[in-house]
Amino acid sequence: MIGKLTGHLDSIAGHHILVDVGGVGYLVACSAHTLRLTGDKAGTPVSLWIETQVREDAFNLFGFHTLAERDWFRLLITVQGVGAKSALSILGLLSPERLAQVLLSGDKNALTAADGVGPKLALRLITELKDKVTTLSLQTKDKTPFVPYQTPQVAEDALSALLNLGYQRMEAFMAVNAARLELGEQPQLDELIKTALNALGKKEV
């Protein structure tokens, strides 16, 4: 099996790149995210983590800029109905960190933006993978760590309250998460909502 390729970019065609490794060209399918990071200039140094799929009629290589992206690809394709093409589409839209946030918050709309992912498949992804996110070391852009997903009812109620106030699910989830970190393990509902609203930069309604 091929686990990593290091060479130079030969060419790009669609979602595939041709990597020249010592005169041998390897055709590798990549997410849009990895393609953006690779660039399009022939001769550019390329180093990709590889997932190899061997079938009776094909030998396919999938390349990723980071190990995290490769590991998420492996996880995504364990879900029934998610093939390699759909998994690459998801990873092209959502970074590993953002994908974890989407799954934890139950944001179906973010998943259905990917080609090949409808509402039913998005729900299946959330249901099957949200608990597995807790095995990862997750951080937001401001380095605020996530609270594990075993969410107490008070947090669910606070999230529901923010959604009823018109906030988007992702921003509401992140605000409740930050509030839980600030208040500790067993906050009161009114405290949690107030602190979450402060995190959103809004006054309590």
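## Exercises on a predicted model

Met1, Val54 and Phe59 make up a nonpolar patch on the surface, with about 390 Å² of accessible area together. Patch members have over 30% relative accessible area and no salt bridge, and nonpolar side chains (Val, Leu, Ile, Met, Phe, Trp, Tyr) are joined within 5 Å. Accessible areas come from the Shrake-Rupley method with a 1.4 Å probe, and for residues only the protein chains shown count as cover.

This is a predicted model: local features need pLDDT of at least 70, side-chain atom pairs count only at pLDDT 80 or more, and totals for chains, interfaces and linings use all residues. Residues are numbered from 1 along each chain as its sequence is written, and side-chain values use heavy atoms, with hydrogens and water left out.

**Exercise 1.** Work out which residues of helix 6 are buried, and where they lie on the helix.

*Solution.* 
- Step 1: List them. Helix 6 spans residues 119–129, and its Leu121, Ala122, Leu125, Ile126 and Leu129 are buried.
- Step 2: Look down the axis. The buried residues fall within an arc of 140°, so they line one face of helix 6. The arc is taken from the directions from the helix axis to the C-beta atoms.
- Step 3: Turn to the other side. Pro119 and Lys120 are exposed there.
- Step 4: Find the cover. It includes helix 2 (67–76), helix 3 (84–93), helix 4 (96–105) and helix 5 (108–112).

**Exercise 2.** Describe the surroundings of aspartate 107.

*Solution.* 
- Step 1: Locate the residue. Aspartate 107 sits in the loop between helix 4 and helix 5.
- Step 2: Check for a partner. Aspartate 107 is buried yet has no salt bridge. A salt bridge needs a side-chain nitrogen of Lys or Arg within 4 Å of a carboxyl oxygen of Asp or Glu. The nearest side chain of opposite charge, arginine 98, is 4.7 Å away.
- Step 3: List contacts (heavy atoms within 4.5 Å). Leaving aside neighbours within four places in sequence, aspartate 107 touches Val102, Ile126, Arg169 and Met170.

Key
Buried means under 20% relative accessible area, exposed over 50%, partly exposed in between (1.4 Å probe, protein chains only). Helices (H or I, at least four residues) and strands (E, at least two) are DSSP runs, numbered from the N terminus. Patches are made of residues with over 30% relative accessible area and no salt bridge: like charges are joined within 9 Å, nonpolar side chains (Val, Leu, Ile, Met, Phe, Trp, Tyr) within 5 Å. Lys and Arg count as positive and Asp and Glu as negative; His and the chain ends are not counted.
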